[in-house]
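Please read them with the coordinates open.

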Amino acid sequence: METRAAIAVAAGKPLEVTTVKLEGPRAFEVLVEVKATGICHTDEFTLSGADPEGLFPAILGHEGAGVVVEVGPGVTTLKPGDHVIPLYTPECRTCEYCLNPKTNLCQAIRSTQGQGLMPDGSSRFSTLDGDPILHYMGTSTFSNFTVVPEIALAKINPDAPFDKVCYIGCGVTTGIGAVINTAKVEPGSRAIVFGLGGIGLNVIQGLRLVGADQIVGVDLNPAKKDMAERFGMTDFVNPSEVEGDLVPYLVNLTKGGADYTFDATGNVNVMRTALEAAHKGWGESIIIGVAPAGAEISTRPFQLVTGRSWRGTAFGGARGRTDVPRIVDWYMDGKIEIDPMITHTMPLEEINTGFDLMHRGESIRSVVVY
Ligand code: NAD
Ligand code: AHE
Ligand code: ZN
């Protein structure tokens with residue numbers, strides 16, 4: 001079949017919206033009509049060329065929601081008409097990782113996914129001339145139709161609006177999951193969130209959900225303050241307005257350091273500040289942000305010797321086929337909010353506007369509606 005898609009032709013170039021060819025689903029694969037997709041900072045990170053795994057030409061996008069159109073041989077858990085969210089972290093439920101309760105990082109298809117290919121080592125996308133185009137994160141939601149492995153699809157409530165719950169495909173789950181699954185934040189905790197974008201706001205929402213007492217938000221962009229307050233931030237800090245070192249300022253503000261800190265910027269200097277602003281003896285710092293190729297984190301080992309710990313989280317520690325439908329239900333039941341964070345919507349033809357808004361710090365989430 002043919003489908004409209006936005007192709008990342010080369011690093012640093014705008015996406016090219018065009019018609020591409022899409023082969024039908026092979027064994028254990030599913031053809032999905034994508035109804036809506038968010039634009040996450042990780043799409044921008046890969047498009048910029050900073051991603052060591054970034055490959056071109058590819059169809060980016062990993063925050064979608066849609067409807068099953070056709071299933072390939074061997075698919076047993078989905079049927080045409082089912083509403084789904086594609087998962088860049090699949091859940092096969094049989095690999096060594098899925099069987100270990102300490103991780104959500106299913107490895108069943110990780111190597112081919114990282115090469116922009118389906119599990120059998122080939123791509124379903126090509127140009128009208130027949131040149132192959134790579135998949136991205138196993139999802140490629142910047143295409144109106146996409147092919148996704150069965151183990152990388154979560155079946156969701158059919159009443160859920162696609163243009164809102166697509167955000168659960170990455171940002172919402174990553175932020176809330178970092179609090180609930182990774183840090184396991186206790187009620188009454190003090191926390192600091194660095195970066196009040198599409199991920200950081202969901203960390204804040206997660207902290208409010210679990211009953212944190214103090215939620216400090218840190219961002220260089222003062223325009224992020226109002227939205228963060230709406231989601232539960234209790235104190236705002238703009239580092240450019242702090243005289244002297246940020247660490248002692250934050251330690252003082254949190255009465256000795258935060259129980260939990262979260263980096264949602266991807267900046268390794270911020271990650272160091274986040275670790276060092278965690279409380280001596282027990283503070284945990286969770287890295288969510290994705291840093292560019294070659295970037296490394298550092299701190300004095302003494303910071304860890306004296307009881308702080310550094311951890312990371314991918315997709316908020318969520319097991320997608322199990323947890324994503326539940327998070328959709330939380331949204332449908334009003335337990336979490338999504339709508340105010342979707343600040344812009346646009347058709348696929350205007351997808352580059354979504355990237356421009358992100359660069360200018362004017363959006364929280366832009367969503368492409370097909
Ligand atoms: P975003 O662009 O919406 O938000 C980033 C925010 O950080 C912005 O508000 C920006 O002003 C702020 N910021 C930038 N530099 C800063 C600094 N030095 N100090 C304070 N604030 C600063 O991005 P997003 O979609 O929220 O993504 C945030 C990060 O999380 C990205 O690195 C993204 O790749 C990563 N991410 C990771 C996962 C995961 O599973 N680990 C999932 C999704 C996104
Ligand atoms: N390709 C990058 C790593 C990118 C990365 O860390 N991705 C996160 C999801 S970000 C979603 O917005 C992730 O899930 N990582 C786990 C994995 O297996 O990729 C690089 O540095 O090579
Ligand atoms: Zn993302």
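1. How many bridges join strand S10 to strand S13, and do the two run parallel or antiparallel? Strand S10 (residues 190–194) and strand S13 (residues 260–263) run parallel and are joined by 4 bridges, and within this pairing Ala191 stands opposite Tyr260 in S13. Helices (H or I, at least four residues) and strands (E, at least two) are DSSP runs, numbered from the N terminus, and two strands pair if DSSP finds at least two bridges between them.

2. On provenance, this is a predicted model, in which local features need pLDDT of at least 70 and side-chain atom pairs count only at pLDDT 80 or more, whereas totals for chains, interfaces and linings use all residues. Residues are numbered from 1 along each chain as its sequence is written, while chains are lettered from A and ligands numbered from 1 in the order in which they are written.

3. The UniProt record, an unreviewed entry, lists residues 12–368 as "domain: Enoyl reductase (ER)"; UniProt positions are given in the numbering used here, feature names are shortened, and annotations may be inferred rather than shown by experiment.

4. S10 and S13 belong to an open sheet of 6 strands, in the order S12-S11-S10-S13-S14-S15, with parallel pairing. Strand S12 (235–237) and strand S15 (309–312) stand at the edges with a single partner strand each, so one side of each is left without a neighbour in the sheet. From one strand to the next the twist averages 20°, where axes are lines fitted to C-alpha atoms, for helices over the stretch in contact, and angles run from 0 to 180 degrees between N-to-C directions.

5. A second open sheet has 4 strands in the order S1-S2-S6-S7, and here the pairing is antiparallel. Its edge strands are strand S1 (2–7) and strand S7 (132–133), each of which pairs on one side only. S1 and strand S2 (residues 16–22) run antiparallel and are joined by 6 bridges, with Ala6 opposite Val17 in S2.

6. Strand S17 (residues 365–369) deserves a separate look, as 4 of its 5 residues are buried; a residue is buried if 20 or more other C-beta atoms lie within 10 Å of its own, exposed if 12 or fewer, and partly exposed in between, with C-beta atoms placed from the backbone. S17 pairs with strand S3 (residues 29–38) in the antiparallel sense over 3 bridges, Thr37 standing opposite Val368.

7. S16, helix H11 (residues 351–359) and S17 make a right-handed β-α-β unit, meaning that, with the strands pointing away from the viewer, the path from the first strand over the helix to the second runs clockwise. Thr343, which lies in strand S16, counts as partly exposed, with 14 C-beta neighbours inside 10 Å. The C-alpha atoms of Thr343 and Val367 are separated by 8.3 Å, although the two residues are 24 apart along the chain.

8. For the ligands, a residue is near a molecule or strand if its C-beta atom, placed from the backbone, lies within 6 Å of it. Ligand 1 is surrounded by 32 residues, of which the closest are His41, Gly195, Gly197, Ile199 and Gly266, and helix H1 (residues 41–48) supplies the largest share of the shell, 3 residues. By class, this shell has 16 nonpolar, 14 polar and 2 charged residues; Ala, Val, Leu, Ile, Met, Phe, Trp, Tyr, Cys and Pro count as nonpolar, Asp, Glu, Lys and Arg as charged, and the others, Gly among them, as polar.

9. The residues around ligand 2 include Cys40, Asp51, Glu53, Arg110 and Cys170, and its shell has 7 nonpolar, 2 polar and 3 charged residues.

10. The peptide bond from Phe56 to Pro57 is cis, with omega near -10°, and Pro57 lies in the loop between H1 and strand S4 (64–71). Arg93, not a glycine, has a positive phi of about 70° and is partly exposed, with 13 other C-beta atoms within 10 Å. Met137 also has a positive phi, near 55°, but is buried, with 25 other C-beta atoms within 10 Å.
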